[in-house]
Amino acid sequence: MDLTHTPEQEEFRAAARAWLRAHVPPVPLPSLETADGFAAHREWEARLAADRWSAVSWPERYGGRAVDLAHWLVFEEEYWAAGAPGRVSQNGISLLAPTLFDHGTEEQRARVLPPMARGEVVWAQAWSEPEAGSDLAALRSRAVRTDGGWLLSGQKTWSSRAAFADRAFGIFRSDPEAPKPHQGLTYLMFDLRAPGVTVRPIGRLDGKPAFAELFLDGVFVPDADVIGEPGQGWRIAMSATGNERGLTLRSPGRFLAAADRLVALWRERADPADTALRDRVADAVVGAQAYRLFTWASAARVAAGGELGAESSLNKVFWSEYDIALHETALDLLGAEAEPADGPWAEPWVFSLAGPVYAGTNEIQRDIIAERLLGLPKGRR
Amino acid sequence: MHFLPSDEESAFARSLDALLSAAAVPDAVRAWSRGDHGPGRALFAKLADTGMFALAVPERYEGLGPLPVAAAVAFTELGRHAVPGPLVEGAAASVLLGALAAAGVDGPAKRFLPELAAGTALATLTLPGGGPYALDADAAAWRFTVTARDELYLSPAGGAPLASTDPARRLFWPEPGGELLAAGAPVAAAAAEAGRWARLLTAAQCLGVGEALLARTVAYVRERRQFGAPVGSFQAVKHRLADTLLGVEFARPLVWAAAVSPGAAEVAAAKLSAGEAVYRTARTALQLHGAIGYTDELDLSLWLRKARPLRDAWGTPSACRATVLPA
């Protein structure tokens, strides 16, 4: 058992820290979830990509540094400690890119990844539908075979980033005769500005139009934009959840930085006699460490050739519940002063409330934990 | 960084698990609770053969240590099997005597450590801030007491046990007086180090107790049927168990990290998380077993009763939080 970084990892850390110190904007960018903020965050992605910091784990030919998961974790610790901007390309980098590495073609990787890394093409997800949320396999949007490709029809919803993004990826029903709901699905990429696509932004609880409904009416997708074999969409989509995605959706660095800010707030604001609040701040400190160490252990397992699989559900429930508790503690430290919506803790608090819902609700994650990690029998949901 | 148990550490855990699985530990626990130490001592003799008692003792006093990672691995297995006795206290006493020797006071180390390393004598220990009772003082050959004035005494035997909520933990008030072994700053520093070890090893024990409670409960809800289905197929049951697993799985790396780097903050974080996790796991285990879980007869009780005392021994959650975040 070992908790030390290699000299090479420490050099990498120093290089990342130096770059971030020189480049992180001194004033926070406008909110990512607005048109202006979206544009500013694209520019930030381009700056990261210019010096190969956008997707460090990718091969060099796509703009990465070909480093392993441990280096990525080090980079993330530095990134969030530096107060760097949120990542507008996160959906593409943490969901689509791993899928392309596992199931895409070389042509697709070469075409899709570099502009993704530069923020030129920002990707949205197209999974949920009005009648297919947690029960994603109930989805009904169709992909119908046509000359040289597919025609997409139907409705997708809760499509993160879609209000301002360029392209989207998701699964569609290509064989309605398939015997089971998760069969006959195909994984496709499509252009949000293609003829037949209507994007209707949806206001969120935080008032920002950051996700959207997508109405698709005979949208043409060339064969070159099908990922993997037609009909294998479910397996391809699920495989991404079992490997790095479970680790890379929310890096520990983000929470270590947030816990540090919380401790600073506590030192500045708290009544020392209020040990109930002190205890919650201590729990936030311990929780960030627990998440960091859990992730390092997972990374060691992956490095040794292991699979994460359902373990990523533990990870997701933990960080999403942790994130809310941390922000609620900050709001309690501020008391009634916390209310303004653009406050440094109010805005991320509202965002944290969505965590137990998106990326697979925590109820679904707990079913997965119980059935696949503990071996409990399947039952009615 | 390879933040997982090494092959050697995993093999050590498996060998202890196998030894204890074959050793009828529940019978020894029940005998220990009645004040019959015979089966417990027979168990310790087997554990001594693995070198377990030597892990907290420096090599120059016939030990193998100090090896906090191996000790944490071992105490996780002791918890998994609900092994009784003042084993945390004996290991912490060994650390205390070793630390005193390192500070130049080596008389007590020479006198006591070889037998502690061999497992032929048991010791118990009380420290300022470490809880008021001398655990299993009637089974210990030596009772070490550090006073608030930084005096280390070899305390006399005596007194009747107080009944604990875990009858396998026999509690005694430390007897005043006895033989003064050392005093002053070296005792204070050695006691602080011993206290960290006691806290770390209790956290490791909590982890093992929690894992055992969870495994038994999962096995039970897979078998137990109501409304025509295993109760483990119901979502209310599944989700409670999922949350319980979450607590245990996120405490584990904190315990490992504290063993690798046993500083005060690391050890406090580990004890806080493992202590809270084991008590939550006990509540889950009791609830999901239903009435049968509330019986003395079912062996589950041997683990259930440990959870709360271990959560609070050698550092309550509140004390640990205060260490994590000093004012």
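Which hand does the crossing of α8(B) and α9(B) have, left-handed or right-handed? The crossing of these two helices is left-handed, meaning that the near helix is turned anticlockwise from the far one by less than a right angle. This is a predicted model, in which local features need pLDDT of at least 70 and side-chain atom pairs count only at pLDDT 80 or more, while totals for chains, interfaces and linings use all residues. Residues are numbered from 1 along each chain as its sequence is written, chains are lettered from A in the order in which they are written, and side-chain values use heavy atoms, with hydrogens and water left out.

**Helix pairs in chain B**
- The axes (lines fitted to C-alpha atoms over the stretch in contact, with angles from 0 to 180 degrees between N-to-C directions) of α8(B), residues 235–260, and α9(B), residues 264–289, come within 8 Å and cross at roughly 155°; helices are DSSP runs of H or I with at least four residues, numbered from the N terminus.
- α8(B) and α9(B) are therefore roughly antiparallel (an angle over 145 degrees) to each other.
- The axes of α5(B), residues 87–102, and α7(B), residues 185–223, also come within 8 Å, crossing at roughly 150°, which makes α5(B) roughly antiparallel to α7(B).
- α5(B) passes α7(B) in a right-handed crossing.

**Interface of chains A and B**
- In chain A, 44 residues are in contact (heavy atoms within 4.5 Å) with 40 residues of chain B.
- Three salt bridges (a side-chain nitrogen of Lys or Arg within 4 Å of a carboxyl oxygen of Asp or Glu) are counted between chain A and chain B.
- A:Glu371 forms a salt bridge with B:Lys238, with the closest N and O atoms 2.6 Å apart.

Notes: Angles under 35 degrees count as roughly parallel, over 145 as roughly antiparallel, 65 to 115 as roughly perpendicular and the rest as oblique.
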